[in-house]
Amino acid sequence: MVATNPIANAQQHTIRQKITLDSVKLADCENPTNTALTLPYNRQKFFGQQPQNNFKKMKKKILIVSANPKNTDRLRLDEEVREIQAGLERSKKRDEFEIIPKFAVRPQDLRRALLDYEPEIVHFSGHGASTQGLVLENDSGQAQLVSTEALTRLFGLFQDKVECVLMNACYSEVQAQAIFQHIDYVVGMNQEIGDEAAIEFAVGFYDALGADKSYEVAYEFGCISIDLKSIPESSAPVLKTRKNIVKKIQLISALPLENPEGQVPLESAFYIERSPVESDCYEEMLKAGGLIRIKAPRQMGKSSLMSRVLNYASQKSYQTAYLNFQSADAEFLDSLDMFLQWFCASVTDSLGLPDKLDDDWKGVLGSKNKCTNYFQRYLLKEIDSPIVLGLDEVDEVFKHPTIATDFFGLLRAWHERAKNDAVWKKLRLVIVHSKEVYIPLNINQSPFNVGLPVELPELNQAQVQDLVQRHGLIWTNSQVEDLIDLVGGHPYLVRVALYEIARGRMTWKQLQEIVPTEAGPYGDHLRRHLLNLQGDENLLAALKQVMITDKAVDIGTVEAFKLRSMGLVKFKGNDVMPFCKLYQIYFCERLKLEN
């Protein structure tokens, strides 16, 4: 993120921005390419140029790999390496480190350097692409993505040698989260980071290592170095450490396990962040008139995420209001006027203000105008700080198309007014829903095509492994893979399995035998899905088509999106396939299908 501090703005002209390259070929670490690497300034005194160790005393090797493809923004990578070198050369432990720089690095250059030098520290400088991976170069000097999965497998092969990986690139926390299952210390960035901040962090980090500090302390020095220059990006670097996980497991295993039902409490040790989802939401909330749309099947963590967004807003001294539309009595859903009065009264109550509806709900103005005036003349003026309004379970409104059309059109109008009206800039919205929006909304009157869209992903293998450890369990990678094969990366389904095993109610083998039945721990969950399907013959027929095969099938757009909204299928291109084996086994048995 570009710094807003005037001094920092003068320094930070380049952002190590998140790169999105849909046309870039996704690379693994085996693609054969070759690029000659040159040193732009004299490093012969300090940099080792050959794989073999030329020093009498064994040195800790720091492999610095950098890439700045021709079709990406220019970065000050040479300066970063020079500053790291200067800091270590003046340190008291300078004879214990050897820097090995590699520029214009391609996938196979990274693999070969790890094999040739066997470094203890690997430092990447360049561009990040969030969930897509890191950006290296191809033979032509153009951008080439290396996937998170490929990087994780590569570093897994060097886990006995590499101690620390530092990825000085935007949104590289995704890779850090995956790699630290193999490497003890991994640093990534949870947001955009400018050149100045990236360099300051690197210099502070290696200055501390040169002073014989630990990786944890070096990380803190890196963050402090950013703060000392008044650059507002010191929260960007994130340290993932397996050492802390061991301590955390010991702590958590001594605590009562949490029954995985409903929203995950803010203080819970069992909430798993799905980077960069949380940081993206926090950033959007800081924007005037910000709007976040969180969509995912039930029990995927939507409300838990929203509660953390509201909590983040509270920490920023914003006022917050939470509204769950399931709490609306049926009488308020019969007319738009009654609904909007309930809406205004509920928000007022959540903000802790006295009800003044009688003052604004008079005259011949329509209900939407009265609601708008109530917010503009009372709620938004009464409170000086921004107000974040969390709207949960808005699916309930979809059931009443007439109300839905006017209400969602009103929210969109407020969002548009925030672009120019100072009063409305204070209002930020978080809208949470499970289902696709099938009500006929004018594209210019819908809040579902503006703001920040967030579709919560499944947990990946590293995140499931993290949950396993937090439950005090010691599992192999193959056991984690078996769990994912059974229930996917569904947070609720994963936590239920781990909860039952961690409290000693059943073994993994026993769980496998009983889970696809209504007598198992997923009985209520599975039965609810079955009952919902039985009320829609077309949807049930579409589900049968999906469950009888392991291949992706085309069942039509409407049915596909409805089943996806229920969380029963996942997309593969335009076709769909069973979300997980649990659903496939259960529905095949209950519906007498042959797979």
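Visitor: What makes K93 and E96 a salt bridge?
Guide: Their side chains meet at 3.7 Å, N to O. A salt bridge needs a side-chain nitrogen of Lys or Arg within 4 Å of a carboxyl oxygen of Asp or Glu, so the pair qualifies. This is a predicted model: local features need pLDDT of at least 70, side-chain atom pairs count only at pLDDT 80 or more, and totals for chains, interfaces and linings use all residues. Residues are numbered from 1 along each chain as its sequence is written, and side-chain values use heavy atoms, with hydrogens and water left out.

Visitor: Why is K93 called partly exposed?
Guide: Its relative accessibility is 24%. Buried means under 20% relative accessible area, exposed over 50%, partly exposed in between (1.4 Å probe, protein chains only). K93 therefore falls in between. E96, at 27%, is also partly exposed.

Visitor: What makes R412 buried or exposed?
Guide: R412 has a relative accessible area of 9%, so it is buried. Its salt-bridge partner is E416, at 2.8 Å, N to O. E416 is partly exposed, at 27%. Helices are DSSP runs (H or I, at least four residues), numbered from the N terminus.

Visitor: How do you know that R503 and E500 form a salt bridge?
Guide: Their closest N and O atoms are 3.5 Å apart, so the pair meets the 4 Å limit. R503 is partly exposed, at 33%. E500, at 12%, is buried.

Visitor: Why is helix α3 called largely enclosed?
Guide: Eight of the eleven residues of α3 (residues 107-117) are buried, so the rest of the structure largely encloses this helix. Among them are L110, L114 and Y117.

Methods. Helix = DSSP H or I, 4+ residues; strand = E, 2+ residues; numbered from the N terminus.
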